[in-house]
Amino acid sequence: MEGTHMATHWGAFAGESLALWTLCAVVVPVLITLWCSVQRSRRQLLRKNIFRKNKHDWRYTDLFHKPTYCCLCGQHIMQGDSCDCCGLCADEACLRKTDKRFGCKEIVARTEEDLLHHWMRGNVPLCSYCVVCKQQCGTQPKLCDYRCIWCQHTVHDDCMQNDLKTGKCDLGEFRSLIIPPNYLFAINQRQKDKRTDYDKLTASFGTRWSPLIVLANTRSGNNMGEGLLGELKSLLNPVQGQERYIPFISVLPLGTGNDLSNTLGWGAGYAGDVPVEQILRNVMEAEPIKLDRWKVQITNKLYYSLRKPKVLNMNNYFSVGPDALMALNFHAHREKAPSLFSNRLLNKAVYLFYGTRDCLVQECKDLNKKVELELDGERIDLPNLEGIVVLNIGYWGGGCRLWEGMGDEPYPLARHDDGLLEVVGVYGSFHCAQIQVKLANPVRLGQAHTVRLILKSSKMPMQVDGEPWAQGPCTVTITHKTHAPMLSHSGEQTDDEASSTSEMDNTREEENTDEET
């Protein structure tokens, strides 16, 4: 009996120890991440207060990812500040003097003449080669060699010649994507002189010149947007950049969902594993396409409401039900503590938690009794649903092909440029999870040019392109607005994409055979 009692006691102690260590393994990394985020924010705020009129775009780095030397004193540094635009590096003691002594990239030139090289000494990229002798640069363990901050060409200290130091810069490999500073000077001069020969000026940069404009959500996913913007500033003009023509847009997936990126072939998520230079090459090789854009008009049903209808733009999808509820809960908690939601894996775990909770609570049940649905003016009889999703693109919910489901049933093919919306229903959060792993099909309600949804009573969660809110009784009308010029990347297909494409081809062949018969 005594031995049994000891074994039971030891088992309980071991279980408590395991639970304690598991809790520590989860909580400690979160606390460390939170502490580092707070310290970094304080440090950045301090630098902004010190350098209100600084020349450079300084960013503090806890640990440089390659051997780095202070551009002023030449000493090796493990941490310090670097300029996102020109690549200048300095330790904390030399920061103020470095900012005053060295010039940064000129966004706007002081003349319309050809751009000259702007050389920066030291900290050249790894595996870079001298344009004169073709030998590798930056191999010595000290501040050495030069790099042009516009064309990215590198040259040895011994190979630097006077004609090269003051030579013309052709902007390098990505010249077709860069807005030259002398171009912006010329634009300003024409505006002052009230001249309108912009087409002639644009033609002087060649027919392949198509400047890139970069927009980033710095809070998405792993919060990599800020660092990625810094790398792009070093390769492009930091001002990019305002143009009179509507630009083609490519997508770099930094967030958690990335459904539009998946649809256009840019992948399910960027984790920093692809060099920024390769991203720019992919942009230059991408194909221009059109993406349908939709107008979502929400009219409140309260008779005393004097507000104008709420109007939103939709590119990806609109939904009411469990997925909008998960997005709303996630959004509310991220607004309260944004530093805790800086990891893509952690964000998905939070979504999983809310989805699991909704499976038990079922806050959106009996949706079919609360709403009416019309597709192109025709009333649709709804089964016992918890959610309705209106799709413009092929992917939904972080990589799920919702319209296709298991792919074992014939259905009209979905496109993002045909002026049609796909409308599906889901029975709940568990049904959504089954569709994502291809164990179930959605309730395909139909395709339409115009979708009208009437929320008759109560308040329901809604979302457009991942932006959620709680909505009272209203009428939601979705109509086609315009096309957005986008860039599609025809990269290698994943196994899932290849199987889906094969299934769609087989469906087409079966439909054609039936028609011929």
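This passage walks through the overall make-up of a predicted model and then some of its local features.

The structure is a predicted model, in which local features need pLDDT of at least 70, side-chain atom pairs count only at pLDDT 80 or more, and totals for chains, interfaces and linings use all residues. Residues are numbered from 1 along each chain as its sequence is written, and side-chain values use heavy atoms, with hydrogens and water left out.

The protein has 13 helices and 20 strands; these are DSSP runs numbered from the N terminus, with helices being H or I of at least four residues and strands E of at least two. Of its 517 residues, 42% count as buried, where buried means under 20% relative accessible area, exposed over 50%, and partly exposed in between (1.4 Å probe, protein chains only). Among contacts (heavy atoms within 4.5 Å) between residues at least 6 apart in sequence, 68% join residues at least 24 apart.

Helix α1 spans residues 2-50 and includes Leu31. With a relative accessibility of 51%, Leu31 counts as exposed. Together with Leu23, Val26 and Val27, Leu31 forms a nonpolar surface patch with about 360 Å² of accessible area. Patches are made of residues with over 30% relative accessible area and no salt bridge, like charges being joined within 9 Å and nonpolar side chains (Val, Leu, Ile, Met, Phe, Trp, Tyr) within 5 Å; a salt bridge is a side-chain nitrogen of Lys or Arg within 4 Å of a carboxyl oxygen of Asp or Glu.

Turning to the strands, an open sheet of 3 runs in the order β1-β4-β5 with antiparallel pairing; strands pair if DSSP finds at least two bridges between them. Its edges are β1 (58-61) and β5 (89-90), each pairing on one side only. Strand β4 (residues 80-83) meets β5 over 2 bridges, and Ser82 stands opposite Cys89 of β5.

Arg190, in helix α4 (residues 181-193), is buried at 7% relative accessible area. Beyond neighbours within four places in sequence, Arg190 contacts Glu112, Arg195, Asp197, Tyr198 and Leu201.

Finally, helix α8 (residues 276-285) has Val276, Ile279, Leu280, Asn282 and Val283 buried. Viewed down the axis of α8, these fall within an arc of 155°, so they line one face of the helix; the arc is taken over directions from the helix axis to the C-beta atoms. The buried residues of α8 pack against α6 (225-235) and β20 (474-488).

Definitions and conventions. Areas by Shrake-Rupley, 256 points an atom, 1.4 Å probe, with all protein chains shown as cover.
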